Amino acid sequence: MNDKAHKIAYAVFALAVILLGWQVDNQYYLQLMIFIGLNTLLALSLNMLMGYAGQISLGHAAFYGIGAYVTAILTTTYQVAPVLALPAAVGTAMLVAWIVGIPTLRLSGYYLGMGTLGFGMIVHIVLREWSSVTGGASGFVGIPPLEIGLVVFASGKNYFFLVWAVVLLCLIMCRRIIDSRVGRALRSIHDGEKAAAAVGVDTKKLKLQVFVFSAGMAALAGFLYAHLVYFISPGTFSFVASIRIVTMVVIGGMASIWGALLGASLLTLLPEWLHAFSEFEMVVYGLILMGVMIFLPRGLTRGVLDVYERYRKNHDR
Amino acid sequence: MQEILQYLFSGLTNGAIYAVIALGFSMLYSSTELINFAHGEFVMLGALCMVTLAVNLGFPLIPAFFLSICAVAAAGLLFERLAIRPVRHPEPIVLIIITVGASIFLRGVGMLIWGKDAHSMPPFSQHPPLDVAGARLLIQSIWILIIVAALTAALQMFYRRTLTGKAMTACAVSKKAAWIVGIPTKWMVMLAFGLSTGMGAVAGAIIAPITMSSYDMGTMLGLKGFCAAMLGGLGSLWGAILGGFLLGILEALGVGYISSGLKDATAFVLLLLVLYVRPQGIIGAGEVKRF
Amino acid sequence: MTDNSHLLEIRDIHKAFGGVRALREIDFSLEKGSITGLIGPNGAGKTTLFNVITGVFPADRGEIRFAGQSVTSYAVHERVELGIARTFQNVELFESMTVLENILVGLHTRTRCGMIGSIFKFPRIRREEKQARKRATELLEFVDLADHAPRRSSDLPFGWQRLLEVARAMAAAPRLLLLDEPAAGLNMSETRQLGDLIHQIRDQGITILLVEHDMSLTMSISDKIVVLDQGRKIAEDTPRSVQSDEAVMAAYLGKGKNSGHGR
Ligand SMILES: Nc1ncnc2c1ncn2[C@@H]1O[C@H](COP(=O)(O)OP(=O)(O)O)[C@@H](O)[C@H]1O
Ligand SMILES: [Mg+2]
């Protein structure tokens with residue numbers, strides 16, 4: 001897509017958000033859409049790392065958790081204003097990513113997947129076991145609502161607009177990175193690390209940069225999550241959560257920012273629809289995951305395009 | 001002294017289980033370069049099948065044991081046929097999501113069949129625990145160690161002595177070369193799946209008497225077995241055994257001397273250490289491609 | 001001890017892979033602005049030498065000096081920054097990217113925009129991007145691929161992919177260009193075109209080290225030939241003398257004629 005197409009897409013997107021926020025009054029639907037927004041942030045952040053730079057992470061929920069817990073502890077235990085907790089939450093996640101990234105990003109493929117998985121598990125266990133600080137397995141209660149200046153983001157509508165404004169900003173930010181020199185270098189690592197180095201890309205540094213960036217964005221989502229629900233527990237940031245983020249990226253379509261939005265929407269809505277299946281929920285969820293990956297391994301956005309192209313080719317002949 | 005011995009016994013028992021799970025991972029990886037995130041769920045199926053057959057249906061132990069293994073291995077073959085073979089571009093990320101999908105699916109199936117409650121069964125033989133220098137050693141632990149030793153010996157024989165075993169090793173070294181010399185790689189992949197999931201079932205069947213089995217027991221066991229496999233060296237038989245026991249013992253000591261809450265962290269800290277320092281594992285063969 | 005007339009000095013390089021001694025006591029220099037042909041049978045160690053020069057892996061012993069400075073401890077991307085660019089024996093393009101984007105990545109070391117810059121798109125960054133695109137188009141024109149700029153690089157015919165890879169290496173504005181079998185897989189007219197291109201590159205003042213099995217091409221464009229066999233340098237001389245060298249004939253040319261055509 002060219003620049004103009006993107007601008008139109010952003011405009012349509014913003015319009016849709018405004019219309020939805022304006023028209024929808026049902027608290028349940030608003031909440032659901034807020035969760036879609038948060039998941040979009042997560043999927044987008046992982047997509048930068050996995051879709052564009054080609055580096056698998058099976059522990060991304062750890063950064064989501066770090067963001068949520070840092071703000072929870074600062075705003076509740078230490079009474080820090082949420083606005084000030086934000087840079088601390090994002091900064092902590094980025095610092096952790098930087099420290100962990102140096103040894104981990106030397107690995108690749110399954111080994112990288114395992115390294116990030118191990119890291120994610122350790123963070124999860126620390127959140128669960130360090131009860132004096134994190135509240136342990138039973139969770140952390142009493143997180144204050146988000147106040148920015150005089151505005152309190154408490155009602156569903158306010159939060160809806162806040163989250164989706166952040167999503168839009170992040171979409172634009174990621175798009176700009178991808179279309180720039182940095183983004184091209186990232187994609188070159190995906191296509192061939194050896195060749196990328198041979199044209200002068202500092203692959204080590206760049207991988208670390210994008211890992212840190214993506215951790216920061218996940219922590220931002222964690223921050224928004226904590227001030228949305230006022231109560232957080234380690235279960236939200238487990239291995240299963242990490243896998244869910246990976247699934248959003250892959251099902252939506254790797255290396256596509258709109259794919260992240262699609263994947264996040266589907267994976268947020270799916271469990272809601274599956275409630276109808278009651279105890280068959282897990283079975284159906286598992287089947288859908290497997291089915292999509294077997295038949296559309298490049299995700300829905302790419303997959304549908306592929307099918308369309310094949311169809312067109314057949315008809316041209 | 002008595003305390004240390006007690007931890008050691010519990011470590012050895014758990015270690016043996018991790019070793020069997022790790023063997024399943026390693027074996028499958030070496031012939032298919034695939035990591036099966038649903039492996040833990042096959043362990044769960046093994047345990048719950050065993051409980052159902054031995055307790056609810058009143059089968060004698062030995063038939064119950066072998067029937068569970070066969071049933072789970074059959075499920076493993078079905079899994080390969082339906083979910084793995086149709087994949088056209090087997091990239092790691094696609095396979096990870098498919099096997100994770102399978103693990104959710106199997107957990108769902110487990111819940112449908114066995115419900116959300118935990119199930120238990122009596123040990124393989126009714127003897128009071130042995131007293132070794134003041135520490136208690138469960139008879140079931142001895143059973144577990146004996147079965148794991150027998151299994152290892154049998155596998156070693158299989159790989160070294162039988163033509164099929166050698167063919168599998170050849171596949172592990174190079175699929176293409178194996179295909180050229182006429183080894184039917186498709187069958188080898190199926191065999192690897194059957195053996196690997198069967199091995200998972202063995203792990204499930206032998207811990208059923210010392211733990212509460214439920215539909216969600218597999219995830220953590222699977223991840224830890226996986227850590228054990230990495231620790232010893234993914235793809236190596238003795239590596240899996242060593243990794244399993246090492247993990248079991250360190251975990252038990254950690255529980256005893258550090259904190260029981262951090263028990264689960266041991267496996268993952270070890271995993272990170274080994275990945276950072278020696279990704280090919282403790283006795284992994286030489287240079288490993290990091291992909 | 002710096003030597004002004006030599007751009008690249010290879011001193012006593014050794015490299016072994018396990019038991020395979022891929023390079024032994026390799027010693028030679030490249031004169032500024034010259035074309036040097038590096039030949040030898042398959043497995044002689046030519047690609048390995050390229051990898052050592054560019055820093056893909058370190059040599060076991062010896063030193064690489066570039067423009068009077070030791071680069072032995074430099075990483076691959078740092079050497080590119082200094083002016084060493086290469087192509088690969090098996091074309092290694094960025095396949096999911098367009099032809100133009102491949103060149104733009106090639107300009108990586110000649111542009112500065114970072115993560116922050118890309119997010120805020122400062123005027124300076126916009127200007128840089130514009131210039132980069134202009135330069136990329138020029139490079140595509142240089143190899144006659146400008147009309148194909150928006151195509152996916154993997155969709156190009158093989159011969160063009162080779163040319164694109166050369167252009168991508170040129171984008172780094174190198175002083176030394178290492179070409180690993182650039183004519184492999186090309187037909188006769190494409191090979192002739194490539195020969196012209198290499199001359200033009202040399203005329204821009206760029207020093208070239210060329211690995212090539214096509215003897216007529218190598219012998220006609222090289223100022224000097226270095227011959228490797230089983231990891232050793234067995235000759236270093238003008239094309240004419242090398243062709244009549246007994247040792248070279250024995251080790252290489254006899255076999256080379258066959259392998260040159262029957263690849
Ligand atoms: N990365 C590597 N690992 C192990 N052996 C290698 C590697 N690269 C090259 N070799 C070996 O080094 C020798 C020289 O190979 P190479 O430099 O590719 O030869 P050439 O390019 O002259 O055909 C060969 O025996 C090859 O097998
Ligand atoms: Mg070569």
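Modeller: Let's start with one term: a salt bridge is a side-chain nitrogen of Lys or Arg within 4 Å of a carboxyl oxygen of Asp or Glu. In this structure, Arg128(A), Glu129(A), Lys224(B), Glu251(B) and Asp264(B) are linked in a network of them.

Colleague: Before we go on, what sort of model is this?

Modeller: It is a predicted model, where local features need pLDDT of at least 70 and side-chain atom pairs count only at pLDDT 80 or more, while totals for chains, interfaces and linings use all residues. Residues are numbered from 1 along each chain as its sequence is written, chains are lettered from A and ligands numbered from 1 in the order in which they are written, and side-chain values use heavy atoms, with hydrogens and water left out.

Colleague: How many salt bridges are there over all chains?

Modeller: A search of the whole structure gives 26. One of them pairs Asp264(B) with Arg128(A), whose closest N and O atoms are 3.4 Å apart. This pair joins two chains, because Asp264(B) sits in helix H11 (residues 263-277) of chain B and Arg128(A) in helix H5 (residues 109-129) of chain A. Helices (H or I, at least four residues) and strands (E, at least two) are DSSP runs, numbered from the N terminus.

Colleague: Is Asp264(B) buried or exposed?

Modeller: Asp264(B) is buried, at 15% relative accessible area, whereas Arg128(A) is partly exposed at 22%. Buried means under 20%, exposed over 50%, and partly exposed in between (1.4 Å probe, protein chains only).

Colleague: What about chain C, which residue does Glu63(C) meet in a salt bridge?

Modeller: The partner of Glu63(C) is Arg11(C), at 3.6 Å from N to O. Glu63(C) belongs to strand E4 (residues 61-66) and Arg11(C) to strand E1 (residues 6-17) of chain C, so the pair ties together parts that are 52 residues apart in sequence. Glu63(C) is partly exposed at 23%, and Arg11(C) is partly exposed with 23% too.

Colleague: And where do Glu165(C) and Arg168(C) sit?

Modeller: Those two are in helix H6 (residues 158-171) of chain C, 3 residues apart, so about one helical turn separates them. Glu165(C) is buried at 1%, and Arg168(C) is buried at 2%.

Colleague: Switching to the interface, how many residues of chain C are in contact with chain A?

Modeller: 30 residues of chain C are in contact (heavy atoms within 4.5 Å) with 26 residues of chain A. There are 3 salt bridges across that interface, including Glu92(C) with Lys194(A), where the closest N and O atoms are 3.2 Å apart. On the side of chain C that touches chain A, helices H2 (76-82), H3 (99-106), H4 (115-120) and H5 (123-142) each supply at least two residues.

Colleague: Which residues are the protein donors of the magnesium ion?

Modeller: Thr47(C), through OG1, and Gln89(C), through OE1, lie 2.0 to 2.1 Å from the magnesium ion, ligand 2. Thr47(C) is in helix H1 (residues 46-54) and Gln89(C) in the loop between strand E6 (84-86) and H3 of chain C, so they tie together parts 42 residues apart in sequence. Thr47(C) is partly exposed at 26%, as is Gln89(C) at 27%. Donors are N, O and S atoms within 2.8 Å of the metal (3.2 Å for Na, K and Ca); water is not among the atoms, so sites may look incomplete.

Colleague: Last one: where is Ser256(A)?

Modeller: Ser256(A) is in the loop between helix H11 (239-252) and helix H12 (257-274) of chain A, and is buried at 13%. Leaving aside neighbours within four places in sequence, Ser256(A) is in contact with Asn47(A), Tyr52(A) and Thr301(A).
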